[in-house]
Amino acid sequence: MSLTVPFPNPVRDWIISNLQRGCAAPDVVRELTNNNVAEELASAMVSTVMQALIAGSPLPDGQLLMAPPAYLADPCRLPASPVVACGDREIRILSRMSRPTAAVLGNVVSAREAEQLIELAAPRLRPSTVVDPATGMDVVADHRSSEGMFFRLMETPLLEKLDRRLAMLTGLPVENGEGFQILHYRTGAGSAPHYDYLTPNNIANAESVTRSGQRIITIVIYLNDVMAGGETVFPDTGWAITPQLGNAIYFEYGNREGQTDPASLHASSPVLKGEKWVATKWIRERRFISR
Ligand SMILES: O=C(O)CCC(=O)C(=O)O
Ligand SMILES: [Fe+2]
């Protein structure tokens with residue numbers, strides 16, 4: 001989302017006359033900041049005018065379109081060690097990625113735990129829904145999508161064990177986690193590219209962010225080996241993570257400034273053979289209060 005700010009024409013004309021009489025752009029910017037124009041705004045004003053003059057394109061007229069500040073990632077919240085002691089289990093960090101801030105994890109759950117999660121979830125699965133952009137209502141996605149369900153946080157002893165394990169991994173309070181979401185993709189099913197952070201363009205999302213803060217971390221645990229396809233893909237980086245039982249993809253997309261990282265755009269590529277089960281954990285800035 002870009003920002004429109006006022007850019008009075010007399011200021012624009014003053015910049016033009018200074019550039020045309022040979023002043024260097026940094027000096028023009030400095031003169032503006034000496035007159036109490038914020039540095040970022042002053043640079044945007046001068047560079048926009050300069051580019052328009054060079055390209056012979058229309059000059060700004062009364063306002064300026066400013067690009068949003070680029071996302072600046074905080075240091076990854078995962079420890080630097082290759083193995084993280086998480087209570088009853090040691091999670092392995094198999095690979096790290098810098099943009100988006102991410103890691104492939106191993107040994108996150110045992111085969112037995114994965115099987116138990118699937119058994120508990122199966123009778124409660126419902127067709128996955130998407131938000132209809134026109135109405136803001138939840139609608140059932142088409143037949144190519146998954147089915148899913150939500151557990152409550154620490155709903156059973158098994159879920160409590162897993163919720164606490166991931167809290168130890170991230171160093172954030174267990175209460176910041178939303179309850180696990182289980183997704184089941186049949187052959188042919190996948191998901192469209194999306195962000196996990198909440199865009200406050202509908203009331204429900206805006207209220208949720210007010211209550212619990214933004215979502216800042218996702219951990220998708222693979223609960224089975226997929227025979228072909230079903231990778232988690234990050235289209236902006238070209239990265240595809242192969243689902244393998246017990247592994248997980250961990251990624252961060254919120255910094256302490258409240259920015260969100262568009263490089264966290266991701267999707268599930270369609271399952272080509274077999275099926276795919278995952279458990280997703282979303283973690284908030286603060287304690288998660290569902291409503
Ligand atoms: O199934 C996957 O690989 C990704 C799941 C996902 O994007 C989500 O649960 O938000
Ligand atoms: Fe997602």
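Tutor: Helices (H or I, at least four residues) and strands (E, at least two) are DSSP runs, numbered from the N terminus. This is a predicted model, in which local features need pLDDT of at least 70 and side-chain atom pairs count only at pLDDT 80 or more, while totals for chains, interfaces and linings use all residues. Residues are numbered from 1 along each chain as its sequence is written, and chains are lettered from A and ligands numbered from 1 in the order in which they are written.

An unreviewed UniProt entry annotates residues 176-285 as "domain: Fe2OG dioxygenase"; its positions follow the numbering used here, feature names are shortened, and annotations may be inferred rather than shown by experiment.

Two strands pair if DSSP finds at least two bridges between them. Strand S10 (residues 181-185) runs antiparallel to S9, joined by 4 bridges, and Leu183 in S10 is the bridge partner of Gly148. Strand S9 (residues 147-150) also pairs with strand S6 (residues 126-127), in the antiparallel sense over 2 bridges; there Glu147 in S9 stands opposite Pro127.

Another group of 4 strands forms an open sheet in the order S11-S17-S14-S15, with antiparallel pairing. Strand S11 (191-194) and strand S15 (239-241) each have a single partner strand and stand at the edges, so one side of each lacks a neighbour in the sheet. For S11, pairing with strand S17 (residues 266-268) is antiparallel over 2 bridges, and Ser191 stands opposite Ser268 in S17.
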